[in-house]
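Me: I am new to reading protein models and would like to go through this one slowly. Could you show it to me, and then answer some questions one at a time?

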Amino acid sequence: MKSRFFLALTLMTFIFGACSNKKDDNSGNGTLEVKTVSNIDASGLNGHYTLFSFKTGATVSISDSATAKWDIGFRSTSVILNSGISGPGEAGVVVKDALFDAVTTADTTGYAEDSSTGFAIPTGSGNGWYTYTGENPTNPHVILPIPGKVFVVRTADKKYAKFEILSYYKNAPANPTQTETPRYFKINYVYQSNGSTTIY
């Protein structure tokens, strides 16, 4: 009886361990976790961006737009950073062509900020994070994230994170067909709170 209980306990430990998204950050400060946030409303109510904080994992009130409480903002297909012309923070981005799990260390230099010449994450089909399929009239007119785009972020308060965009539609349909509600982002992200460049 004891051996059966031990076997069951061992199997349960293996199953739950395999599902965990937490990873040792090798810094002695605990673990990092891949977090997913769905349905970030980017409809642009009253022309505002929806502001998001990697530190809290939540949206930030527009009344705090002139602070370092937020890192990135979403409105339609545009993604802004809390830096340069978009905000008072120190946020910047390095765009990687890689798998999300393969990006394990944040760069220490080379971060682009929003400026008068354009956003650090460019807009337009094929330019930044998405492809618009409506350029071919036989296809559904949908916005699809470009696979293998990872955004390494220096946050507004000079910590580090990475994120990828998974969907632009409400409830993240696997194959959008132009009937779903757009301007609802789904992202994966990892945030490093201790200031180190480890982001896996």
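Reply: This is a predicted model, and from the N terminus on its elements run α-β-β-β-β-β-β-β-β-β-β-β-β-β. In total, the secondary structure comes to one helix and 13 strands.

Me: What is the mean pLDDT of the protein, and how many contacts does the stretch of residues 1–20 have beyond near neighbours in sequence?

Reply: The mean pLDDT of the protein is 88, and 84% of its residues reach 70 or more. Over residues 1–20, however, the pLDDT is below 50, and beyond near neighbours in sequence the number of contacts that this stretch has in the model is zero.

Me: And how many such contacts does the stretch of residues 25–30 have?

Reply: Over residues 25–30 the pLDDT is below 50 as well, and the count of contacts beyond near neighbours in sequence is given for this stretch too. In the model, that count comes to ten.

Me: How many residues of strand E11 are buried, and which of them lie on each side?

Reply: Strand E11 covers residues 149–154 and is mostly covered, with six of its six residues buried.

Me: Which residue of E11 is the bridge partner of Asp-97?

Reply: Strand E8, which spans residues 92–97, runs antiparallel to E11 and is joined to it by six bridges. Within E11, the bridge partner of Asp-97 is Lys-149.

Me: Which residue in the hairpin of E11 and E12 takes a positive phi?

Reply: E11 and strand E12, which holds residues 160–169, pair in the antiparallel sense over four bridges, and Val-153 stands opposite Ala-161 in E12. The hairpin has five residues between the two strands, and the residue that takes a positive phi, near 65°, is Lys-158.

Me: Why is the pair of Phe-54 and Tyr-189 tilted?

Reply: A pair of aromatic rings is described by the distance of the centres and the angle of the planes. Twelve aromatic pairs are counted in this model. For Phe-54 and Tyr-189 the centres are 5.4 Å apart and the planes stand at 50°, so the pair is tilted.

Me: How many residues apart in sequence are the parts that this pair of Phe-54 and Tyr-189 ties together?

Reply: Both Phe-54 and Tyr-189 are buried. Phe-54 lies in the loop between strand E4 (50–53) and strand E5 (58–60), whereas Tyr-189 lies in strand E13 (residues 182–192), so the parts that the pair ties together are apart in sequence by 135 residues.

Me: Are Phe-74 and Phe-185 buried or exposed?

Reply: Phe-74 and Phe-185 form a tilted aromatic pair, 4.6 Å centre to centre with 40° between the planes, and this pair links strand E6 (residues 72–75) with strand E13, 111 residues apart. Residues under 20% relative accessible area count as buried. Phe-74 has a relative accessible area of 0% and Phe-185 is likewise at 0%, so the word for both is buried.

Me: Which residue lies over the face of Tyr-184?

Reply: There are two lysines to describe here, and one of them, Lys-162, lies over the face of Phe-100, at 4.3 Å from the ring centre. Over the face of Tyr-184, at 5.1 Å from the ring centre, lies Lys-170.

Note on methods
Residues are numbered from 1 along each chain as its sequence is written. This is a predicted model: local features need pLDDT of at least 70, side-chain atom pairs count only at pLDDT 80 or more; totals for chains, interfaces and linings use all residues. Side-chain values use heavy atoms; hydrogens and water are left out. Rings of Phe, Tyr and Trp (its six-membered ring) pair if their centres lie within 6.5 Å; planes under 30 degrees apart count as stacked, over 60 as edge-to-face and the rest as tilted. Buried means under 20% relative accessible area, exposed over 50%, partly exposed in between (1.4 Å probe, protein chains only). A charge sits over a ring if NZ of Lys or CZ of Arg is within 6 Å of the ring centre and within 35 degrees of the ring normal. Two strands pair if DSSP finds at least two bridges between them. pLDDT is the predictor's confidence in each residue, from 0 to 100. Contact means heavy atoms within 4.5 Å.
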